[in-house]
Amino acid sequence: MTPDDVKTILFEEIGNIAPEADLSALRPEADLREELDIDSIGFLNLIIALGQRLGINVPEKDYSRLGTVNSAVAYLTKSISLAGR
Amino acid sequence: MGVFRMPSLGADMEAGTLVEWLKKPGDAVKSGDIIAVVETQKGAIEIEAFETGTLESHLLPEGSTVPVGTALAMIQTAGAAIDREVPTAPPPAEPAPAPQLAPAAVPPAPAPAISPGKKVSPAARHFAAEHGIDLSSVVGTGPDGAIVYVDVENAWLHREPRAETPKPASQPKGAVEPTAMRAAIAAAMTRSKREIPHYYLGHAVDVTGAIAWMSARNEARPPEERLLFSALLLKSLALALTKFPEFNGQFRDGRFEPAGQVHAGMAIALRGGGLVAPAIHNTASLTLDQVMAALRDLTTRVRAGRFRGSELADPTITLTSLGERGVDWVQPIIYPPQVAIIGAGAPVLRPWMVDGQVTPRQICQFTLAADHRVSDGHRGALLLREIEARLQSPEAL
């Protein structure tokens, strides 16, 4: 899966958590949760959804690596390849 | 024969719109079944039946807006010996909301012809002025025949054959006008600040152990089974309340009714503004995992604008948790008819004294706002201490 594919899925799932957000205006280095006002439950739901879509398990200690769009795409792409998908 | 009525889903609700029938005449219904969806200022609420039997007839079509207490349907209950009469007027179950929302700066009403001496509540006068209702044509049901809010509202609802204003097609079912949500919050909070003599307490709690225990537990689990700190707070609160019944219940008709169970309301912020605080039923008897599952389920449904009437009407106490990215503390406002609300700030790493040493610890500021008509600060302090104690043994939650 390419980083672009991952980004598409990431945006779809963020859209489910924050349906009113304008993701085209989201800066790739901005703090995702800050920018979109995603609370703990919203973020947990995002992690669950990404895990199911991408077939990976994001441990809690890695949550900070999904801090921005860029870091999340990099982290998820790497996790997918490590999982052999 | 049972009567299914427009329920009161909170102190601030005066009317609701029947959006959808989910059971049709002839359908079997049992207590707890969702039989209709009602739109209120808080969103589309699923309404449950309280009786078991057969839905005999709908008394109102979808789209009707009626006051709280209006009969919506008849339910033929098994073995019902006595037929209750079909009421056309709302029963006096809820206290007449006469002085509700008396705005401070209402311009003098244009004084429609009204017999001198006839009493009209300020809220009723305001509503009448706003909707062009002739007060002389309204029959008062308040004390000494005074015209109260429900009277003018009834007059308005039963005016000329009601032209239903169709909803804009773009608005999804259950969507709430932000101004309606704001009005609902304003009404409830105004009433709270006017009627409830609040007192406030705060306590800094070391939650390092609880969070470490939770993190270790989450480490070995897939995301679906992970806990959030709010779940620990809810369960600690629910267990602590077993020793402090004067904080758990509802204040109605001038007296406090303690609740047999803890139905902890959880303040949930809606995306785009506003909040609701629906109940997690029987919080104390759920396992921690069940509390967490209920919290996720409730949050998801609330944010999708779909939750149940009982969840709105039943909370016996509320928790407002600011979350890991929140600020240090909150001074919460009691949601009537409840008598207490607990606030929890964001847990923050701070220098803390432990055994004579300054040590970094995760500190969470707990606050309590409670009703002085029912309890005192001394007991409130003991309640906060009890929640703290419960959190120190998270494995026992």
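How many bridges pair strand S4 (residues 34–40) of chain B with strand S5 (residues 43–48) of chain B? The second view below gives the answer, and each legend describes one close-up of this predicted model.

**View 1. Confidence across the model and along chain B.** Let us start with the scores: the model has an ipTM of 0.93 and a pTM of 0.72. For chain B the pLDDT averages 84, and 84% of the residues score at least 70. Two stretches of chain B deserve a careful eye. Over residues 81–116 of chain B the pLDDT stays under 50, and the model has 54 contacts there beyond four places in sequence. Residues 161–169 of chain B also have a pLDDT below 50, and this stretch has one contact in the model beyond near neighbours in sequence.

**View 2. A five-stranded open sheet in chain B.** The strand order in this open sheet of chain B is S7-S2-S4-S5-S16, and the pairing is mixed. At the edges stand strand S7 (65–67) and strand S16 (306–308) of chain B; each has a single partner strand, so one side of each is left without a neighbour in the sheet. On average, neighbouring strands of this sheet are turned by 40° against each other, direction ignored. Now for the opening question: S4(B) and S5(B) pair over six bridges, in the antiparallel sense. To find one of the partners in this pair, look for Ile34(B), whose bridge partner in S5(B) is Glu48(B). Helix H2 (residues 149–157) of chain B packs on the sheet, where it touches strand S2 (15–21) and S7 of chain B. The direction of H2(B) makes about 155° with that of S7(B).

**View 3. A four-stranded antiparallel sheet in chain B.** Here the open sheet of chain B has four strands in the order S1-S8-S6-S3, with antiparallel pairing. Which strands stand at the edges? They are strand S1 (2–5) and strand S3 (28–29) of chain B, each with a single partner strand, so one side of each is left without a neighbour in the sheet. S1(B) runs antiparallel to strand S8 (residues 71–77) of chain B, and four bridges join the two. Within this pair, Phe4(B) has Ala73(B) in S8(B) as its bridge partner.

**View 4. The hairpin of S10 and S11 in chain B.** Strand S10 (residues 249–252) and strand S11 (residues 255–258) of chain B pair over four bridges in the antiparallel sense. Opposite Phe251(B) you will find Phe256(B) in S11(B). Two residues lie between the strands of this hairpin, and Asp253(B) takes a positive phi near 50°.

**View 5. Helices H5 and H6 of chain B crossing.** Two packed helices are described by the angle between their axes and the distance between the axes. For helix H5 (residues 229–241) and helix H6 (residues 288–303) of chain B, the axes come within 9 Å and cross at roughly 115°. The crossing of H5(B) past H6(B) is right-handed. H5(B) makes the contact with Ser230(B), Ala231(B), Leu234(B) and Lys235(B), while H6(B) brings Leu288(B), Val291(B), Met292(B) and Leu295(B). Sorted by class, this contact has six nonpolar, one polar and one charged residues.

Note on methods:
Residues numbered from 1 in each chain as written. Chains lettered and ligands numbered in written order. Predicted model: local features only at pLDDT ≥ 70, side-chain atom pairs only at ≥ 80, totals over all residues. Pairing = 2+ DSSP bridges. pLDDT = per-residue confidence, 0-100. Contact = placed C-beta atoms within 7 Å. Axes fitted to C-alpha atoms, helices over the stretch in contact; angles between N-to-C directions. Left-handed = near helix turned anticlockwise from the far one by under 90°. Nonpolar A, V, L, I, M, F, W, Y, C, P; charged D, E, K, R; others polar.
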